Amino acid sequence: MTMRDLHNNIAIASQSQPGVAIGTTGTGQTIGPVDLAGYNGVEFLIGYGAITSATAVFTALMTEGETTNGSFTSVADADMFGTEAAAGLGAATRTNGTGDVLFRKIGYKGEKRYTKLKVSSTATAGTLISVAAILHSPRHAPTS
């Protein structure tokens with residue numbers, strides 16, 4: 001029997017604390033390493049909060065590796081759903097739903113066992129509300 005509903009075909013792998021602030025230039029929030037054992041991909045959901053600077057740029061960087069404490073390298077574009085650029089935010093006039101207070105997503109479909117996502121900012125600019133990692137395409141469904 002094929003499970004066609006989303007609920008029985010995903011699992012929450014990890015998440016950041018809601019309301020985690022993006023600090024000074026270059027700092028950010030990292031989620032992972034996310035273990036893909038038993039799954040064929042992961043989708044990261046990034047919730048951006050109120051951003052106070054129109055010049056701040058938020059950048060997403062996805063990395064992959066074979067062990068939790070080993071070397072992680074940048075993920076090839078072919079191994080992503082979406083792009084790192086689309087998961088971030090550029091400098092813009094900030095209005096709810098346009099330049100802040102919105103969600104972005106990026107997914108991983110590569111062959112490595114572990115992946116991480118880091119979202120950072122070019123300036124002290126506000127709050128990154130949360131990042132959640134949702135495992136999908138299980139090798140055995142339904143998920144628990």
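What you have on screen is a predicted model, in which local features need pLDDT of at least 70 and side-chain atom pairs count only at pLDDT 80 or more, while totals for chains, interfaces and linings use all residues. Residues are numbered from 1 along each chain as its sequence is written, and side-chain values use heavy atoms, with hydrogens and water left out.

So, who is the partner of Phe 58? The structure holds one aromatic pair. The rings of Tyr 48 and Phe 58 have centres 5.5 Å apart and planes at 70°, so this pair is edge-to-face. For the cut-offs, rings of Phe, Tyr and Trp (its six-membered ring) pair if their centres lie within 6.5 Å; planes under 30 degrees apart count as stacked, over 60 as edge-to-face and the rest as tilted. Tyr 48 belongs to strand 4 (residues 39-51) and Phe 58 to strand 5 (residues 58-65), so the pair ties together parts that are 10 residues apart in sequence. Tyr 48 is buried as well, with a relative accessible area of 1%.

Let me step back to the whole chain. The protein has one helix and 10 strands, where helices (H or I, at least four residues) and strands (E, at least two) are DSSP runs numbered from the N terminus. Along the sequence, the pattern reads β-β-β-β-β-β-β-α-β-β-β. Of the 144 residues in the protein, 42% are buried. Taking contacts between residues at least 6 apart in sequence, 83% join residues at least 24 apart; contact here means heavy atoms within 4.5 Å.

Now back to strand 5, which is mostly covered: six of its eight residues are buried. Where does strand 5 sit in its sheet? An open sheet of four strands has the order 3-9-5-6, with antiparallel pairing, and two strands pair if DSSP finds at least two bridges between them. The edge strands are strand 3 and strand 6, each pairing on one side only.

Eight bridges join strand 5 to strand 9 (residues 114-121), and the two run antiparallel. Within that pairing, Leu 61 stands opposite Lys 118 of strand 9. On to strand 6 (residues 73-74), which pairs with strand 5 over two bridges, again in the antiparallel sense. There, Thr 63 has Ser 74 as its bridge partner, and Glu 64 stands opposite Thr 73.

Lys 118 comes up again with strand 3. Gly 28 lies in strand 3 (residues 28-35), and its C-alpha atom is separated by 6.6 Å from that of Lys 118, 90 residues apart along the chain. Gly 28 is partly exposed, with a relative accessible area of 33%.

What about the nonpolar core? The largest one has 27 residues, and those with the most contacts inside it are Val 34, Val 42, Phe 44, Met 62 and Leu 117. The definition is a set of buried Ala, Val, Leu, Ile, Met, Phe, Trp, Tyr and Cys residues joined through side-chain atoms within 4.5 Å. Strands 3, 4, 5, 8, 9 and 10 each supply at least two residues of this core, and the largest share, six residues, comes from strand 4. Take Leu 117: leaving aside neighbours within four places in sequence, its contacts include Ile 31, Phe 44, Met 62, Ile 106 and Val 131.

One more side-chain detail: the charged end of Lys 116 sits over the ring of Phe 72, 4.3 Å from its centre. That requires NZ of Lys or CZ of Arg within 6 Å of the ring centre and within 35 degrees of the ring normal.

Finally, some backbone spots to look at on your own screens. The peptide bond from Gly 32 to Pro 33 is cis, with omega near 10°, and Pro 33 is found in strand 3. Val 101 has a positive phi of about 50° although it is not a glycine; Val 101 is in the loop between helix 1 (84-87) and strand 8 (102-108). Ser 137, in strand 10 (residues 126-138), has a positive phi too, near 55°. Ser 137 counts as partly exposed at 35% relative accessibility, and Val 101 is partly exposed at 39%.

Note on methods
Buried < 20%, exposed > 50% of the residue type's maximum accessible area, 1.4 Å probe, protein only.
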